[in-house]
Amino acid sequence: MVLLENDAFLTELTKLFQKCRTSGSVVITLKKYDGRTKPVPRKGHPETFEPADTKCLLRASDGKKKISTVVSTKEVIKFQMAYSNLLRAHMDGLKKKDKKSKSKKTKATQ
C-alpha cells in the first residue's frame, strides 16, 4: 500500500475512477487514525500512548492497486471540499434501481 500526500492521493484516486469507469469498482474506506504504527500491547505490559492530534486514514483500492493518505485535523476542511467535488464528478456511472422489484412487493402484500 502506498502512503501518499493529500493532493497526490486525490490525483491517483481520479485515475482509479477513470480506469474503473466502464467495468470494475473502487472501494474507499475511512477510519480514525491515532498515529500508532505498532499494535496495542496486551494487559501484562501497559504502555501509555497519547496521540498529539487525531487524524483520518483514507484508503482506496480497485482490487489491484492500493493507495492511502493521512489527513490531519488542520487540513480536513480543505481535503473534504476537494474530495466531495471529486466524488460528485465521478458518481455519474452508477446504475439505477429496478422499479419492478418494488411493484412486485406491493402486489404480493395485497
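This is a predicted model: local features need pLDDT of at least 70, side-chain atom pairs count only at pLDDT 80 or more; totals for chains, interfaces and linings use all residues.

Helices α1 and α2 cross at roughly 10°, and because angles under 35 degrees count as roughly parallel, α1 and α2 are therefore roughly parallel to each other. Their axes come within 11 Å.

Which residues make up the contact between α1 and α2? On the α1 side they are Asn6, Phe9, Leu10, Leu13, Thr14, Phe17 and Gln18. On the α2 side, these residues meet Phe79, Ala82, Tyr83, Leu86, Leu87 and His90.

Within that contact I would draw attention to the aromatic rings. How many aromatic pairs are there? The count comes to two. In one of them, Phe9 and Phe79 lie 6.3 Å apart, centre to centre, with 40° between the planes, and the pair is classed as tilted. This pair links distant parts of the chain, as Phe9 belongs to helix α1 and Phe79 to helix α2, with the two 70 residues apart. Phe9 and Phe79 are both buried.

The other pair consists of Phe79 and Tyr83, whose ring centres are 5.9 Å apart. Why is this pair called stacked? The planes of Phe79 and Tyr83 stand at 10°, and planes under 30 degrees apart count as stacked. Both residues sit in helix α2, and because Phe79 and Tyr83 are four residues apart there, about one helical turn separates them. Taken together, Phe9, Phe79 and Tyr83 form one aromatic cluster.

Four strands form an open sheet with mixed pairing, in the order β1-β4-β3-β2. The edge strands are β1, residues 2-4, and β2, residues 27-33, each of which pairs on one side only. From one strand to the next, the twist averages 25°. Strands of a sheet pair through backbone hydrogen bonds, either parallel or antiparallel. In the case of β1 and β4, the strands run parallel and are joined by three bridges. Strand β4 covers residues 66-72, and its residue Thr69 is the bridge partner of Leu4.

How do the helices meet this sheet? Helix α1, residues 6-19, lies across β1, β2, β3 and β4, and runs at about 145° to β4. Helix α2, residues 76-90, packs on the sheet as well, touching β2, β3 and β4, and its direction makes about 145° with that of β4.

Leaving aside neighbours within four places in sequence, Ser72 is in contact with Asp53 and Lys55.

Finally, the cysteines. A disulfide is a covalent bond between the sulfur atoms of two cysteines. The structure holds zero disulfides. Cys20, at 12% relative accessibility, counts as buried, whereas Cys56, with a relative accessible area of 28%, is partly exposed.

Methods: Residues are numbered from 1 along each chain as its sequence is written. Side-chain values use heavy atoms; hydrogens and water are left out. Two strands pair if DSSP finds at least two bridges between them. Axes are lines fitted to C-alpha atoms, for helices over the stretch in contact, and angles run from 0 to 180 degrees between N-to-C directions. Contact means heavy atoms within 4.5 Å. Rings of Phe, Tyr and Trp (its six-membered ring) pair if their centres lie within 6.5 Å; planes under 30 degrees apart count as stacked, over 60 as edge-to-face and the rest as tilted. Buried means under 20% relative accessible area, exposed over 50%, partly exposed in between (1.4 Å probe, protein chains only). A disulfide is a pair of cysteine sulfur atoms within 2.5 Å. Angles under 35 degrees count as roughly parallel, over 145 as roughly antiparallel, 65 to 115 as roughly perpendicular and the rest as oblique.
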